[in-house]
Amino acid sequence: MPSGTGPVLEVEDLQVDLRTPRGTAHVVNGLSYTVGHGETVAVVGESGSGKSVSVLALLGLLPARVATVTGRALLHGEDLLTMSPERLRQVRGPGAGMVFQDPMTSLNPVLTVGRQLVEGIRAHGEVSKADARRRAVELLGEVGLPDPGRAVDRYPHELSGGMRQRVMIAIALSNSPGLLIADEATTALDVTVQAQIIDLVEKLQAERGTGVVWITHDLGVVAGIADRVLVMYGGRCVEDGTVDDVLERPVHPYTRGLLGALPDLAAPAGPDGVVPDLATVPGVPPAPTDLPPGCVFWPRCPVRSDPRCETEQPPLVQVGGGPGALPHRAATWCEDRTPGAASAVDRTFGAASPGEGGS
Ligand SMILES: Nc1ncnc2c1ncn2[C@@H]1O[C@H](COP(=O)(O)OP(=O)(O)OP(=O)(O)O)[C@@H](O)[C@H]1O
Ligand code: SF4
Ligand SMILES: [Mg+2]
C-alpha cells in the first residue's frame, strides 16, 4: 500500500441505503471528508446518526443483499468501493485496520485471541508462527491486557468486555495500518488504559503517518486526540473543522446544542475526574426511512426561521478558517453565525453550566 504525505482517505459523496421491513433507510446521505497523513478526524453525533454504518461501508462490511453503497472512498488514491473482494481482503489489515464498536460480533468465538492475532499477522507478511506469537503477546501487553502470556491462549468468552475491546485494538494495530478506524474503541476502558491506547495510536501515527477516523461520544477523547472534528446528523455532515473551530466556535445549531450543556472546555474534568460525554439535544432524531424534505435538523431546530429550512437542504459552506488554515464548514441557514454570539440557540438550550453533561 503506497504511503506518502498526500491524503490517506478521501471520502466523496458517500451514500448508504439499507433495505428494511419499513422501507429504504437513507442512513448515509452524501458524506464527504478527507483524512490527511498522520491526522486524526473525530466523528461525533448522537446514536443512529450513521457513524458506524458509514465506516462499515468503507471497508465493504455491510451485507450486500441489504446495503446499497455509492460514492467514492479513496485509500491512498485507490477506491475501496469498487475494488475486488480479493483486493479488499489484502487491504484490510495493513491498509486499513478497524476496531469495531461491538467486539463480540467481530471476534471469532471458536478461536483463541492468540490464534486470531497470529493469523492476522501472518496473512500479510513472511513471519514464522513463533515470531507472530511473540508479537501477539507483545501487542496484548501494549494494549494493557494483564498477564498477556496467559491471555493469548484464552477464548473471547473468557475475557471481560474491556479485555475483548483491547484484543480488537491489538488486532487492528497488528499490521501497522495506514488507516485506522476506531469505532467507540476505548468506551469501556478506564482512563489509564485509554491514555495508554491513545499513546500507542499516536506512536503509530508518528512512525507510519497513519490517518485515524475516531468515532466517539467522549468529548475528553475528542479534545485530547483529534485534529479535526466531523459532526454527523441524519447521515450527513452538518459541521466540520479543526478541533478548535468546532469545539470553541460551533456554528450549526445541532453542534451548539451538543456542546451547550458542557462545562467550559478549557476547564479540567469535574470534581470526580470525569469528563462528560457529549450532551443530548432535546427531541428525537429523524428515522432514516422518513427523513424530512428540507434541513434534516428542522424538526428539532430552535432557530429555524429561513423559509428554505423546511423545503431545502442547506449546503455545507465555509463559515470560518482563514486563508492557509483548514476550512470550517457548516450546513445551516441559521440566522446568527457569529462565533461566540449569544444567539437563540443559547437561549433555547441554555448557557453552559458545569455538571449539566449527559449522554
Ligand atoms: N443492518 C441494518 N439494517 C437496518 N438498519 C440498520 C442496520 N444497521 C444500522 N441500521 C440503522 O442505521 C442507522 C444508523 O446506525 P449506526 O449504527 O450507523 O448509528 P451510529 O451513529 O453508529 O449510532 P451509535 O452512536 O449508537 O453507535 C440507525 O437508524 C440504525 O437503526
Ligand atoms: S437550516 Fe434552518 S432548520 Fe436547519 S439548522 Fe439551520 S436554521 Fe435550523
Ligand atoms: Mg455506532
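Two strands pair here if DSSP finds at least two bridges between them. By that rule, an open, antiparallel sheet of four strands runs in the order 2-1-4-5. This is a predicted model, where local features need pLDDT of at least 70, side-chain atom pairs count only at pLDDT 80 or more, and totals for chains, interfaces and linings use all residues. Residues are numbered from 1 along each chain as its sequence is written, with chains lettered from A and ligands numbered from 1 in the order in which they are written.

**The sheet**
- Strand 2 and strand 5 (78–79) sit at the edges with a single partner strand each, so one side of each has no neighbour in the sheet.
- Strand 4 (residues 67–75) pairs with strand 5 in the antiparallel sense, over two bridges.
- Leu 74 stands opposite Asp 79 of strand 5.

**Around ligand 1**
- The shell holds 15 residues (C-beta atom, placed from the backbone, within 6 Å of the ligand), and the closest are Ser 47, Gly 48, Lys 51, Ser 52 and Val 53.
- Strand 1 (9–20), strand 2 (23–35) and helix 1 (51–58) each give two or more residues to that shell.
- Helix 1 supplies the largest share, three residues.

**The chain overall**
- The protein chain has 12 helices and 12 strands, taken as DSSP runs numbered from the N terminus (helices: H or I, at least four residues; strands: E, at least two).
- Of its 359 residues, 44% count as buried, meaning 20 or more other C-beta atoms within 10 Å of a residue's own, with C-beta atoms placed from the backbone.

How values were computed. A residue is buried if 20 or more other C-beta atoms lie within 10 Å of its own, exposed if 12 or fewer, and partly exposed in between; C-beta atoms are placed from the backbone.
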